[in-house]
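I opened the model and kept notes on what I looked up. The entries follow in the order I made them.

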Amino acid sequence: LRDNRIELVRASWHELSISVSDVSLSDEGQYTCSLFTMPVKTSKAFLTVLGVPEKPQITGFTSPVMEGERMQLTCKTSGSKPAADIRWFKNDKEVKDVQYLKEEDANRKTFTVSSTLDFLADRSDDGAVVSCRVDHESLNSTPQIAMQVLEIHYTPLVKIISSNSWPEEGQTIILTCESKGKPVPEPVLWTKDGGELPDPERMVVNGRVLSISFLNKTDNGTYRCEAKNPIGRNSTEYVLIVHDVFNTLLPTTVIPSLTTATVTTTVALTASTTTSATATSIGDPNALAGQTGPDHALIGGIVAVVVFVTLCSIILLGRYLARHKGTYLTNEAKGAEDAPDADTAIINAEGSQVNAEEKKEYFI
């Protein structure tokens, strides 16, 4: 061996050692050590030289990429022996569906390896890190990596968020239009039912926020938020329905009676029913728990019953007086004044005594 890269390290009767610096692929082959005895003894060993792959490179990326376009990224490395292995990752998640190609170099000892990643650009890929990793036994478990950050342009994504899920008359509602796109969308456009906002004094637009104060039924309708950027435009709608104010208070119950007087009472949360009147009650929200007041419904019912009984008595007495039939004289009564007996009285009565005292008889 005559080469300046080869040095004698140790020489003795028992050992002969050499070192080879700056190893190249040409150093690969069979090495023989000979002991000149009679006969000559030899020992052989085969040296394998690994080809270290070059640092990989990613090609095929042009920035920016529009959403929906097809992307083809190629990772290539040369000089590996044996052929290196290439793996793709997107945000540290391995991508399996790739194409792999291996070619021999001109020296017919090393290989050039390439791999292609083919996919459709999506807005979710914007900002994603795509990496190509080369694994080879010569790299001592330290792979070589090439990275590419994706930039995807896409139309705005629009969403309306309401501050009130049950808007009522007199309240204020705030509608926020969230728009996300790349490039960043321009200021949004608010419309109502396909036209401009009808009441700018109450309907105030501040950036992406629409605030409507003192709501009323005329505000009902469809509100549209539209956002656009150089890629395109998008919009979404919100249907506003203004509800009546919910009133938890009920009017005072009036209990009619059979007399000319009107009894007005406010009763507790329970309802009481009598034979002459019905009371609807309202609970006092300010009353302390555990306190009970007088039962006004019961008192009102008793008063009504008393009045009813009194009226019935008056009606019966009137009917009694109306059924009086007047007075008349019987024949016996007409002659009873001067007659000693009944027969004589009847005879005298037939004589039509005019001045006889009348006797009264009533029919009940």
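I checked P198 first. P198 has 53% relative accessibility, so P198 counts as exposed. My classes: buried is under 20% relative accessible area, exposed is over 50%, and partly exposed lies in between, with a 1.4 Å probe and protein chains only. This is a predicted model: local features need pLDDT of at least 70, side-chain atom pairs count only at pLDDT 80 or more, and totals for chains, interfaces and linings use all residues. Residues are numbered from 1 along each chain as its sequence is written, and side-chain values use heavy atoms, with hydrogens and water left out.

I placed P198 in the loop between β16 and β17 (203-206). Helices (H or I, at least four residues) and strands (E, at least two) are DSSP runs, numbered from the N terminus. Leaving aside neighbours within four places in sequence, I found P198 in contact with K192 and M203; contact means heavy atoms within 4.5 Å. From P198 to T218 I read 9.8 Å, C-alpha to C-alpha, across 20 residues of sequence.

Next entry: N164. I located N164 in the loop between β14 (152-162) and β15 (173-182). Is N164 buried or exposed? N164 counts as buried because its relative accessibility is 18%. Not counting residues up to four places away in sequence, N164 touches Q171, I173 and Y238. The N164 side chain also makes a polar contact with the side chain of Q171, at 2.8 Å. A polar contact is a pair of N or O atoms within 3.5 Å; within protein, one must be able to donate a hydrogen and the other to accept it, and residues adjacent in sequence count only if both atoms are side-chain atoms.

Then I traced a sheet. The sheet is open, has three strands in the order β16-β19-β20, and pairs antiparallel. Strands pair if DSSP finds at least two bridges between them. β16 (189-192) and β20 (232-240) stand at the edges with a single partner strand each, so one side of each lacks a neighbour in the sheet. I followed β19 (residues 221-229) along β20: the antiparallel pairing runs over nine bridges. N229 has G232 in β20 as its bridge partner.

Last, I looked at residues 297-317. The unreviewed UniProt entry lists them as "transmembrane region"; such annotations may be inferred rather than shown by experiment. Over residues 297-317 I read 100% helix and 0% strand, with the end C-alpha atoms 31 Å apart.

For the protein chain, I noted three helices and 24 strands. Of its 364 residues, 26% count as buried.
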